[in-house]
Amino acid sequence: MPTAIAVTSADLVLPPTDHHTPGAAVLPHPDDQPLAAALADTQTLLDQYGHLVVLYPASTPAAHVRRLHTVRALLESDRVALLPLDLPPLGAAVLVRQLRQLSVCDFAPGVLATAARLLAHYVHAGAVLNSVARLDRVPVTLKAHAKSWVPGSQFAVLANPRPHLVRLGSQGGEPFPGPDFATRLAVARGQLTTDWVTGTLAPAWRVQGVDEVTGPAASAAWWGTGKLVEFAAYLPDLPVLHQLVSSVRRETCGWCGAELLGDRCGFCAAPFAPPAVPEPRAPGGPVAALPPGAPMRHAS
């Protein structure tokens, strides 16, 4: 049975890349849906799929996040994972699509939930902006702030996996370091006219293809301006995603028993604590003090 994927806004659900990729449920803002209806919809998803992985940008309004936690608490369910994504909106959308692709595979719900943190490292997300004066999610120098007031200025900003910012001059600008693996590029055009992403960045990053998509509504607030072109390079192929997730060692959560990747459970959020290594003891006596780096030996 596939694990259900849910999001907090419909624009985080990009068109599928193949006919096998399922959609995602949308959990509306509290202003748009009464609590009773939210409880009923979530219970229906659990009854139908068994487990639910909810993905939402870390910039989601606090009232919406509280609603998600309230629903999970009232249902008293340990089968709902609530996962904030610390990515720009378009980057979050491509990651959601990757989880949708993987949801039909043979991964346990806990592995699928914790795969989100793993896959986020492989998403190169950024934007071209007309100004960085209101950008507070990526480090911006005072010099760059000052140049934001120069008419016609444009900046290329990479937010993930490592922040990077360059000013684009009349001749464009050198692309920042990109992925060293094959990717596809999603591009969402806002209220800015520029061909730098498709004409300069895409060839430099040697992407396999470029897809024009509709940008999430939250992009303008996230980047501090509506005059932007947002982009995200990502791993597009399901076999590659499957191999990547399969290659990571799996652990078992000591609290809820779910399988997980990494150091934190996706469902109960408990940190993974590896089994303690027993300290060597002197024969018949207290714990033996060993100097740093000394090998452990069994008593004869």
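My entries below go through sheets, pockets, a cavity and aromatic rings.

**Ground rules.** I am working with a predicted model, where local features need pLDDT of at least 70, side-chain atom pairs count only at pLDDT 80 or more, and totals for chains, interfaces and linings use all residues. Residues are numbered from 1 along each chain as its sequence is written, and side-chain values use heavy atoms, with hydrogens and water left out.

**Entry 1, the open sheet.** I looked up the strand order and found an open sheet of four strands, E2-E1-E3-E4, with parallel pairing. Strand E2 (25–26) and strand E4 (80–85) each have a single partner strand, so they stand at the edges with one side left without a neighbour in the sheet. For my own reference, helices (H or I, at least four residues) and strands (E, at least two) are DSSP runs numbered from the N terminus, and two strands pair if DSSP finds at least two bridges between them. Strand E1 (residues 4–7) runs parallel to E2 and is joined to E2 by two bridges. In one of them, valine 7 has valine 26 of E2 as its bridge partner.

Which strands does helix H3 touch? Helix H3 (residues 89–102) packs on the sheet against E1, strand E3 (52–57) and E4, and its direction makes about 165° with that of E1. Helix H4 (residues 109–120) also touches E1, E3 and E4, with its direction at about 5° to that of E4. Contact here means heavy atoms within 4.5 Å; axes are lines fitted to C-alpha atoms, for helices over the stretch in contact, with angles from 0 to 180 degrees between N-to-C directions.

I noted about 420 Å³ of space in the largest pocket. It has 24 lining residues, and the closest to its centre are Leu83, Pro84, Leu85, Ala116 and Arg117. H4 gives the most to this lining, with five residues. By class I get 15 nonpolar, five polar and four charged residues. The classes are Ala, Val, Leu, Ile, Met, Phe, Trp, Tyr, Cys and Pro as nonpolar, Asp, Glu, Lys and Arg as charged, and the others, Gly among them, as polar.

My search used a 1 Å grid over the protein atoms alone: a cavity is a set of points where a 1.4 Å probe fits but cannot get out, a pocket is an open set with protein on both sides within 12 Å along at least five of seven lines, and lining residues have an atom within 4 Å of a point. Grid points are joined across faces, edges and corners, and a volume is the space filled by probe spheres set on the points.

I found one cavity of 30 Å³ or more. The largest cavity has a volume of about 110 Å³. Among its 14 lining residues, Leu27, Ala38, Thr42, Leu68 and Val71 are the closest to its centre. The largest share of this lining, four residues, comes from H2.

E8 and strand E10 (residues 228–234) pair in the antiparallel sense over six bridges, whereas E8 and strand E9 (residues 210–212) run parallel, joined by three bridges.

I have six aromatic pairs in the structure, taking rings of Phe, Tyr and Trp (its six-membered ring) with centres within 6.5 Å, where planes under 30 degrees apart count as stacked, over 60 as edge-to-face and the rest as tilted. Phenylalanine 176 and tryptophan 196 have ring centres 5.9 Å apart and planes at 75°, so the pair is edge-to-face.
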